[in-house]
Amino acid sequence: MSMNMVGRSVIFVTKVGSRSTFELTIKNNDGTVKDLSNTTQYATGKWKVWQPNGTLLINGNIAYSDRPNGLITYTLGSTDTTSDKVGVWEGEVELKDTDGVISEQTQSFNFIIEESY
């Protein structure tokens with residue numbers, strides 16, 4: 001069962017079976033764009049979506065599309081939007097340094113997977 005834990009200002013919506021690419025601008029706490037040019041501090045990243053019980057539904061690698069302007073992308077994989085994952089979930093992006101330690105986490109967003117008709 002899905003549940004909308006808390007309304008978020010950023011919402012991503014997709015359909016079962018979709019292989020869409022999502023783009024997100026990473027921002028500082030004051031709302032300005034975060035420069036992600038430091039490839040030591042921001043070496044890799046994960047797009048994470050989970051159920052209220054903590055079960056991860058998506059844990060995929062992001063791509064940096066425009067580091068100076070804080071832009072990252074995530075392309076859905078074949079197992080990300082299966083019919084058993086339909087619901088309204090919560091997600092975030094984790095940016096990691098070269099040691100694999102989280103250097104930045106975004107604010108949570110809603111991630112909705114809808115039935116495909």
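**Figure 1. The largest nonpolar core of the predicted model.** The largest nonpolar core has 21 residues, among which W47, I72 and F111 touch the most other members. A nonpolar core is a set of buried Ala, Val, Leu, Ile, Met, Phe, Trp, Tyr and Cys residues joined through side-chain atoms within 4.5 Å; buried denotes under 20% relative accessible area, exposed over 50%, and partly exposed the range in between (1.4 Å probe, protein chains only). Two or more residues of this core come from each of β2, β3, β4 (56-61), β6, β7 and β9. Strands (E, at least two residues) and helices (H or I, at least four) are DSSP runs numbered from the N terminus. In soluble globular proteins, nonpolar side chains tend to be buried together. The model is predicted: local features require pLDDT of at least 70 and side-chain atom pairs count only at pLDDT 80 or more, whereas totals for chains, interfaces and linings use all residues. Residues are numbered from 1 along each chain as its sequence is written, and side-chain values use heavy atoms, with hydrogens and water left out.

**Figure 2. Surroundings of I72.** Which residues does I72 touch, not counting residues up to four places away in sequence? They are F22, E23, L24, I26, L36, W47, I62, A63, Y64, S65 and V93, contact being heavy atoms within 4.5 Å.

Figure 3. Rings of Phe, Tyr and Trp (its six-membered ring) pair if their centres lie within 6.5 Å; planes under 30 degrees apart are stacked, over 60 edge-to-face and the rest tilted. The count by this rule is eight aromatic pairs. F12 and F22 form an edge-to-face pair, at 5.2 Å centre to centre and 70° between the planes. This pair links distant parts of the chain, with F12 in strand β1 (residues 11-15) and F22 in strand β2 (residues 21-25), 10 residues apart. Both F12 and F22 are buried. The pair of W47 and Y74 is stacked, because the ring centres are 5.6 Å apart and the planes stand at 10°. W47 belongs to strand β3 (residues 44-50) and Y74 to strand β6 (residues 71-75), 27 residues apart; W47 and Y74 are buried. One aromatic cluster is formed by F12, F22, W47, Y74, F109 and F111.

**Figure 4. A charge over the ring of Y64.** R67 lies over the face of Y64, 3.7 Å from the ring centre. The criterion is NZ of Lys or CZ of Arg within 6 Å of the ring centre and within 35 degrees of the ring normal.

**Figure 5. Salt bridges.** A salt bridge requires a side-chain nitrogen of Lys or Arg within 4 Å of a carboxyl oxygen of Asp or Glu, and the count by this rule is three. E114 forms a salt bridge with K15, with the closest N and O atoms 3.2 Å apart. E114 is in strand β9 (residues 109-114) and K15 in strand β1, 99 residues apart. E114 is partly exposed at 33% relative accessibility, as K15 is at 37%. E104 and K34 meet in a salt bridge of 3.6 Å, N to O, which joins strand β8 (residues 102-105) to the loop between β2 and β3, 70 residues apart. E104 is partly exposed at 22% relative accessibility, whereas K34 is buried at 13%.

**Figure 6. The salt bridge of E94 and K48.** The closest N and O atoms of E94 and K48 are 3.3 Å apart. Because E94 lies in strand β7 (residues 87-96) and K48 in strand β3, the pair ties together parts 46 residues apart in sequence. E94 is buried, with a relative accessible area of 7%, and K48 counts as buried at 16%.
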